[in-house]
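Open your viewer and get ready to click. Each stop tells you what to select and what is there.

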Amino acid sequence: SWLDALAGVVDVGAPIHSKSGDLDVRASAPGVPDERRCTLFSWVPGRTLADRMSPVTFRPYGRLSAQLHVHGAHHRPPTSPMPWDQVFYFPGDPIVYHVPENAARLPAGGFEVVERVIELVEPRLASAPDRQLVHGDLHVWNVHISRNRTWGLDFADVMWASRAQDLAISFYYFAERPDFDDLAAAFRRGYEEVAPWPTDDEELAFFMAARRVMMTNFVFNIDMDDLDEFVATSVAKLERFLGSWD
């Protein structure tokens, strides 16, 4: 629904209507159990922003984020998207970080760090003001650059949240780069060409910490190859957050 409304307004992969005008169709195939819901999208050109990260490319990245925020504030989808009002908000992802075999893989004191961060950030998530429709996963792999245009794709995590929460998700994925300050400044310049900047450093830090806890739990669910390294790094970053804001 939102992508259909965005088509022609913001550069996104737009859904293609069927001959009957529907945005999706039901289809089956031999050897595939049950019918499947199928959607066709327009082609998104270019290369991922992750391959071209610089202040030059981050300025249009910020503009794209703001364009989606402005449009999402007024679009009302036919069904309610998931809200980000708690740390573990994604349906279908079990909370497993505290299961004994997983908790044992956290570094010493790590379980207590995660629990303390959850205690700190949950009230902010529950009370985040000015909720609206947002992308919910606009990281550098979900943005394409093609000549002088910047495209957004993968709206699978669309949610009901504040603009600050959506920005925190974007910033989470490049927060540890040595050129973070330059990238963040360029992103903000681009954003402010479209809309006022909606947050501050403290609020972003809280929502980024919430994202980090969620991702720490997520990797236990998928049992990624470098899980122990990822978890140890995440706990260290969460500990630094506690030292700054606790």
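This model is predicted. Start by selecting Arg59, Arg63 and Glu193: salt bridges link these residues in a network. In total, the structure holds 13 salt bridges. Side chains of opposite charge can pair when their charged atoms come close.

Next, select Arg124 and Glu202. Their side chains form a salt bridge, 2.4 Å from N to O. Arg124 sits in helix H4 (residues 110-127) and Glu202 in helix H7, so this pair ties together parts that are 78 residues apart in sequence. Arg124 is partly exposed, at 27% relative accessibility. Glu202 is partly exposed too, at 31%.

Now go to helix H6 (residues 180-192). Arg188 and Glu192 both lie there, four residues apart, about one turn of the helix. Their side chains meet in a salt bridge of 3.0 Å, N to O.

Move on to Asp166, in helix H5 (residues 163-172). Which side chain of opposite charge is nearest to Asp166? It is Arg211, 8.2 Å away. Asp166 is buried and has no salt bridge, because a salt bridge needs the nitrogen and oxygen within 4 Å. Look at Gly136 instead: its backbone nitrogen lies 2.9 Å from a polar atom of the Asp166 side chain. Asp166 also touches other residues, including His69, Val134 and His135.

Last, show H5 together with H7 (residues 201-222). The two helices pack at an angle of about 65°, with axes 8 Å apart. Among the residues making the contact are Leu167 and Phe171 of H5, and Phe207 and Arg211 of H7. H5 passes H7 in a right-handed crossing.

Notes. Residues numbered from 1 in each chain as written. Predicted model: local features only at pLDDT ≥ 70, side-chain atom pairs only at ≥ 80, totals over all residues. Heavy atoms only, no water. Buried < 20%, exposed > 50% of the residue type's maximum accessible area, 1.4 Å probe, protein only. Lys, Arg positive; Asp, Glu negative; His and termini not counted. Polar contact = N/O pair within 3.5 Å; in protein donor to acceptor, adjacent residues only side chain to side chain. Contact = heavy atoms within 4.5 Å. Axes fitted to C-alpha atoms, helices over the stretch in contact; angles between N-to-C directions. Left-handed = near helix turned anticlockwise from the far one by under 90°. Lists of a residue's contacts leave out its neighbours within four places in sequence.
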